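Please look at the chain shown here before reading on, and keep it in view while you work through the report.

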Amino acid sequence: AVVSTPQQVHYNTEAIQAMDTAHYLHPFTNFKALANRGAQVIVEAQDIYLWDSQGKRILDGMAGLWCVNVGYGRKSISDAVYTQMQQLPFYNSFFNTTNIPAVELAKALVEISPPQFKHVFFTGSGSEANDTNLRMVRRYWDLLGYSERHVIISRHNAYHGSTVAGASLGGMSAMHAQGSLPIPGIVHIGQPYYLEGGKGLTQDEFGLKAASWLEDKILEVGADQVAAFIAEPLQGAGGVIIPPATYWPEIQRICSKYDILLIVDEVICGFGRVGCWFGSEHFEIKADLMTFAKGVTSGYLPLGGVMVGDKVAQVLIEKGGDFNHGFTYSGHPVACAAALENIRILREEKIIEQVRDETGPYLKQGFDSLLDHPLVGMVDTCGFLAALVLVKEKAENIFDMQMFPKDLGVGQICRDHMFKHGMIMRAVGNRMIVSPPLTMTIAQIDEMIALIRFCLDETLADLQQRNYL
Ligand code: PMP
């Protein structure tokens with residue numbers, strides 16, 4: 001792809017950083033630490049690259065925040081947004097009104113979703129969509145006369161958002177530790193992370209064991225108290241943790257056995273990320289509700305929602321009366337126009353097929369090739385998600401590898417070397433992650449893998465100097 005160079009604008013970086021420090025509280029940030037180092041000011045983006053205020057080019061291995069699936073600089077999306085803004089910048093859907101982009105997007109989403117989904121509820125984000133799930137499943141059971149079925153089961157180290165319900169549904173202990181979370185009625189089971197819990201078992205055995213924790217929890221809570229189980233097809237923010245092949249079929253069986261609704265959170269896996277429209281296709285999950293956000297607009301505008309399966313929709317529609325829930329920006333016409341154009345691009349450029357057949361397998365090959373690096377103990381890939389595990393000492397058997405002590409923050413050290421050399425890669429503990437724009441070419445994958453290897457070498461030298469090895 002031809003990548004234009006950024007406009008030669010002079011930015012006063014120090015002044016912007018000072019203003020940032022003075023007034024802007026960043027999400028998930030240690031405010032004081034950021035004030036001391038000063039934020040990097042991102043000013044422009046094209047294709048898979050970003051530029052900062054000092055003219056430095058950065059390869060965006062995270063597609064923004066797992067969302068810029070079609071890459072940056074898509075003029076057709078900004079044109080669609082501009083046109084829609086001029087015609088109808090906003091109107092609500094609360095009072096028996098609708099708007100054309102929202103209707104068209106609802107239809108398009110139904111076309112690309114698994115067949116049980118024929119309805120959508122729009123929100124402004126993934127967190128709001130999971131709040132919607134919580135209210136919707138409880139309403140569903142109320143309407144059927146089972147008001148005691150209100151407990152939702154989730155998993156440790158899951159990420160489902162940052163609202164009170166989203167953070168409670170999520171299983172991030174650092175989030176729960178702030179503000180008395182989770183709220184009542186939400187309980188958690190272990191995650192299907194083989195490296196953490198699979199010692200002495202094959203992958204398949206461990207998948208069944210991790211799924212059995214759901215049944216244990218259902219029996220502990222009482223099946224007549226449980227409304228739903230929520231999970232990401234594979235855990236994204238938790239570290240790109242891919243469950244063994246036996247996990248999902250067993251989860252599905254357990255949910256059916258106890259008539260528990262299954263909510264699949266596709267906020268990261270949706271819109272091509274794993275080489276199909278949704279992770280549900282890859283893992284053959286048949287869910288009752290499906291959360292989406294991020295890739296629906298490739299992040300160009302905020303939008304999320306819940307695909308509502310026939311089983312739930314029928315009850316809400318036929319028996320429900322008013323559903324007392326919704327957001328000012330549910331079905332926002334401009335966000336929906338951006339999503340429609342984004343979906344058109346994904347379809348017409350056959351980007352998802354390209355990830356499935358060509359660039360996804362090539363990314364896997366690239367990550368596999370890093371296994372010869374002394375710091376890389378393991379790699380995991382699925383479509384355009386990839387992770388490598390940093391280890392202190394390698395071994396034949398993954399359970400015999402020596403890990404770095406958590407408090408050394410080796411992942412953060414590695415991430416800082418990546419950033420310094422113009423490569424955005426995220427650290428989750430000792431797992432280093434990428435989730436690149438789906439448009440990334442073979443040549444760009446080569447470029448990224450070479451950059452990662454170089455930064456791993458830099459990290460190795462740094463760790464040796466610190467006597468961490
Ligand atoms: N669910 C999952 C699986 C996510 O990864 C995220 C965001 N990373 C969310 C929900 C929350 O989405 P948002 O930040 O748009 O509220």
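## The model and its numbering

This is a predicted model, in which local features need pLDDT of at least 70 and side-chain atom pairs count only at pLDDT 80 or more, while totals for chains, interfaces and linings use all residues. Residues are numbered from 1 along each chain as its sequence is written.

## The chain as a whole

The chain holds 17 helices and 15 strands, where helices (H or I, at least four residues) and strands (E, at least two) are DSSP runs numbered from the N terminus. Its radius of gyration, 22 Å, is close to the 23 Å that the globule rule gives for 469 residues, so the chain is as compact as a globular protein of that length. That radius is taken over C-alpha atoms, and the rule is 2.2 Å times the number of residues to the power 0.38. Along its principal axes, the C-alpha trace spans about 65 × 60 × 45 Å.

Of the 469 residues, 46% count as buried; a residue is buried if 20 or more other C-beta atoms lie within 10 Å of its own, exposed if 12 or fewer, and partly exposed in between, with C-beta atoms placed from the backbone. Among contacts with a separation of 6 or more, 71% are made by residues 24 or more positions apart, a contact being two residues whose C-beta atoms, placed from the backbone, lie within 7 Å.

## Helix α10

Helix α10 (residues 203-221) has 19 residues and should span 27 Å at 1.5 Å a residue, which agrees with the 28 Å between its end C-alpha atoms; the expected span is 1.5 Å times one less than the number of residues. Its buried residues are Phe206, Gly207, Ala210, Ala211, Trp213, Leu214, Lys217 and Ile218. They cover an arc of only 150° around the axis, which puts them on the same side of α10; the arc is that of the directions from the helix axis to the C-beta atoms. An α-helix has 3.6 residues a turn, so residues three or four places apart point the same way.

The buried residues of α10 pack against β5 (151-155), β6 (186-189), α9 (194-197), β7 (226-231) and α11 (247-257). On the face turned away from that buried side are the exposed residues Asp204, Asp216, Leu219 and Glu220. Gly222, with a positive phi near 100°, follows α10.

The ligand is surrounded by 15 residues, of which the closest are Ser125, Gly126, Ser127, Gly161 and Val267; a residue counts as near if its C-beta atom, placed from the backbone, lies within 6 Å. The shell divides into five nonpolar, eight polar and two charged residues. Helix α6 (residues 126-143) gives the most to this shell, with three residues.

The 18 residues of α6 reach 25 Å from first C-alpha to last, close to the 26 Å expected at 1.5 Å a residue. Buried residues of α6 include Gly126, Ser127 and Tyr140, and the helix is followed by Gly145, whose phi is positive, near 90°.

## Individual residues in loops

A cis peptide bond, with omega about 0°, joins Leu181 and Pro182, and Pro182 is placed in the loop between α8 (173-176) and β6.

Asp259 is not a glycine, although its phi is positive, about 55°. Asp259 lies in the loop between α11 and β8 (261-265), and it is exposed because 11 other C-beta atoms are within 10 Å.

How values were computed
Nonpolar A, V, L, I, M, F, W, Y, C, P; charged D, E, K, R; others polar.
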